[in-house]
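Let's take a walk through this one together, ring by ring and charge by charge. Have a look at the sequence and the fold, and then we'll start.

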Amino acid sequence: MNTIANTTNYTTRLGEVVETSSAAFTVQCYDLYGAPALGALVRTGRDSPVYGVVRNVVTSSMDPGRRPVARGQDEADEEAVYRSNPQLDKLLRTDFQATIVGYPDSVGTGMRYGLPSQPPRIHAFVHACAPPEVRAFAEDLRFLPLVLAGAAPEADEVVAAFLRQAASAHDDSQAFLMKAGRQIARLLSRDLQRLNAILGSLRA
Amino acid sequence: MNEPSGKAALMGVVVGGSLSRGVEVRLDASFPVEQVKVGGFVTIQGQANRFFAIISDVTLEASDSSLRAVPPDASDPFVASVMSGTGAYAVVNVLPQLTMSGDAFAMLSGPQPARSIPAHFAPVYAASEEDIRAVFGAEDERHIWIGSPLDMEGVRVCLDLAELVKRSNGVFGKSGTGKTFLTRILLAGILQKDVAVNLVFDMHNEYGWQGTREGGPGVKGLKQLFPSKVAVFSLDPEMSRRRGVSPDAEVRIGYGEIEPQDIEILAATLNLTPQGVSSVYSLVRRFGQEAWLEEFLARENREELAALADETSELFQVLFTLHRRLRTVGRMGFLMPKAPEDAVRRILEYLDRGIHVVLEFGRYGNDLSAYILVANLLTRRIHDRYVERMEQASGGRNQEPRQLLITIEEAHRFLTPAVAGQTIFGTIAREMRKYRVSLLVVDQRPSGIDEEVLSQLGTRFAYLLDNERDVDAVLAGVAGARELRTVLSRLESQQQALVFGHALPMPVVVRTRDYGTEESYREFGFRDAVELMRQAEEDGKDLFGP
């Protein structure tokens, strides 16, 4: 079995934490449009890592007072807009929010699912998790209520996206999806509409 | 013993219920609901006790009521398999019947009736073969196996015959379900284990030499299996001979042996009015017990009957009708003015020697009045003798007679509430084992049998019954009757029976064992001629050397 420690890699650094709370943190990406996919698993910091699931990606103006304006009327395609306006990379920013779902235990080999005693610090580096790490994290799905607790129906899409990514990290993705589906069915036994929606997008 | 065996499959966990209505088990997602069969066995592992229970019902439930209104897309196998066992699940209702606690004393004393239920979340397992053996024991000098539990071929459910014969018992079921086969098995078992002596009123000539089987060759009767232990009596030796059977004795009944109460029981079948019945009593007063029927039947013309009516101050019309009806009785071939020998004495002689008696009715089996008349008359007199002997035995002057089991068919005809009070069978059923005579009632309309008689039946074997009232009658007075009802109504139409009562620790649905194959005969100790010959040769070698 892969432990958390030996699946961790620090190569794909995405950005830094710019806003943080017990349940979620916001990351500003180093690159415009450099956010991971919705539902991706990310990890903060090196000293006291915290895992989060990407739940919302926002790209907006660097300065809240200056709204972007339309610039492409005379351009042939969208890419040309960016080529003609190289300053856009500096004027726009991509942020994403992640729901905190767990952290490594004190020994560093196992995983604690749930909220850490302290949220990640501001400027903590945020890394994307590689498939082995995702697979190790998704061994246990007891963190799903934290993600499901977000506002429906977006939260449901986040869960489905996470599970699809985790499934593709597994050799037997069908078996994983079946296990995950049953777990969700238990959690949402009182809300079959949500359950149906999630199961529907799990297949997709 | 107190641990579930490795083979047992987890069926689910206890989630609710009560002792009276049964315990609810939420079926585990991995256990296919279609494998849960009503009548099957489960074991529940409580904290201190292990419970044995019988499945009485299965329900499909949903965690959310909207599932009924908007079912998920079941055409998608993924969605269907995720939902089944989670949002949509099955609840199995089981009736705890027995408990077995873990300590050594309890293991020696065996399973006890359940007076408690397991706690929430106790795991439930499909019963394994060892469990069944632990409950129903093994074959020994007083147990025979009667069949296997559902879907457990090769596991033997054993019946305590010694306990069975102490009380009256009933075999019920629609025609063609297997009553006669089971009765043969029971009778052969009693013969094999020698726990009682049988007297069979064999209406349709099924038990003596050879029995019939639907769509197949005949099966061996008791006489063929146990030639030295069974005597076949016949009311109709002519027919017996036609069937290639020579009866051990003929039964002839003298007119003088017929008592007014024998006629009274026949009132319904002979269509007699109450006045007709009461005039029989005045005829007995007039002519005496020995002569009344002969004298009455001898008066063949109207004038003689009119004179008799004057003498006995009965109405002529009543006597006239009675005469016409009793003439049909008088024409029965086995009745004669004077019987050459006392049939009852002869039967008792055999029974005393431990030889089982099958009374074949031959073609009179189709005549219900003949059957009722003979069965009632013989049984009454045999019972009288038993009572006499038991009383002598209790005074220390005699040995107690052997336990006698009398098998009667079509019992609803003479154990109806109207006549059960008068017939000897009603008396035997009610007084139970006091006089060491008990009944084996074989019948297809248990609702026609007097409630009081039914309530005294020790062990009941119920095959499929369609009629609601029959089902009620069979289950009357049984704990968990409502739940057993579901079990009973779901039996297959052949060879499956619900068995419950004194001879078994708990109710059980069995597929009754085969009877009619060579192997089945051997199980009862039968050896065919070739084998006997070989045995004799070997014995010869043992004796005299090769």
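Which residues do ring pairs link into a cluster in chain A? They are A:Tyr51, A:Tyr113, A:Phe137, A:Phe143 and A:Phe162. Rings of Phe, Tyr and Trp (its six-membered ring) pair here if their centres lie within 6.5 Å; planes under 30 degrees apart count as stacked, over 60 as edge-to-face and the rest as tilted.

Before going on, a word on the ground rules. This is a predicted model, where local features need pLDDT of at least 70 and side-chain atom pairs count only at pLDDT 80 or more, while totals for chains, interfaces and linings use all residues. Residues are numbered from 1 along each chain as its sequence is written, chains are lettered from A and ligands numbered from 1 in the order in which they are written, and side-chain values use heavy atoms, leaving out hydrogens and water.

Back to the rings: over all chains, a search of the whole structure turns up 13 aromatic pairs. Take A:Tyr113 and A:Phe143, which count as stacked because their centres are 5.8 Å apart and their planes at 20°. A:Tyr113 sits in strand S6 of chain A and A:Phe143 in the loop between helix H4 (131–137) and helix H5 (144–148), so the pair ties together parts 30 residues apart in sequence. (Helices, H or I of at least four residues, and strands, E of at least two, are DSSP runs numbered from the N terminus.) Both A:Tyr113 and A:Phe143 are buried; buried means under 20% relative accessible area, exposed over 50%, and partly exposed in between, with a 1.4 Å probe and protein chains only.

Over in chain B, B:Phe361 and B:Tyr371 make a tilted pair, 4.7 Å centre to centre with 50° between the planes. B:Phe361 is in the loop between strand S18 (356–360) and helix H16 (368–394), and B:Tyr371 is in helix H16 itself. B:Phe361 is buried at 0% relative accessibility, and B:Tyr371 is buried with a relative accessible area of 0%.

Now for the charges. The whole structure has 30 salt bridges over all chains, each one a side-chain nitrogen of Lys or Arg within 4 Å of a carboxyl oxygen of Asp or Glu. B:Arg381 and B:Glu257 meet in one of them, at 2.5 Å from N to O. B:Arg381 belongs to helix H16 and B:Glu257 to the loop between strand S16 (253–254) and helix H9 (260–265), so this pair ties together parts 124 residues apart in sequence. B:Arg381 is partly exposed at 21%, whereas B:Glu257 is buried at 16%.

B:Arg345 and B:Glu349 form another bridge, at 2.7 Å. They are 4 residues apart in helix H15 (residues 343–352) of chain B, which means about one helical turn separates them. There is also a salt-bridge network linking B:Arg142, B:Asp160, B:Glu163 and B:Lys166.

What about a charge without a partner? A:Asp105, in the loop between strand S5 (92–104) and strand S6 (111–113) of chain A, is buried yet has no salt bridge. The nearest side chain of opposite charge, A:Arg112, is 6.4 Å away (Lys and Arg count as positive, Asp and Glu as negative; His and the chain ends are not counted).

Finally, how many salt bridges does the rule find across the interface of chain B and chain A? The count there is 0.
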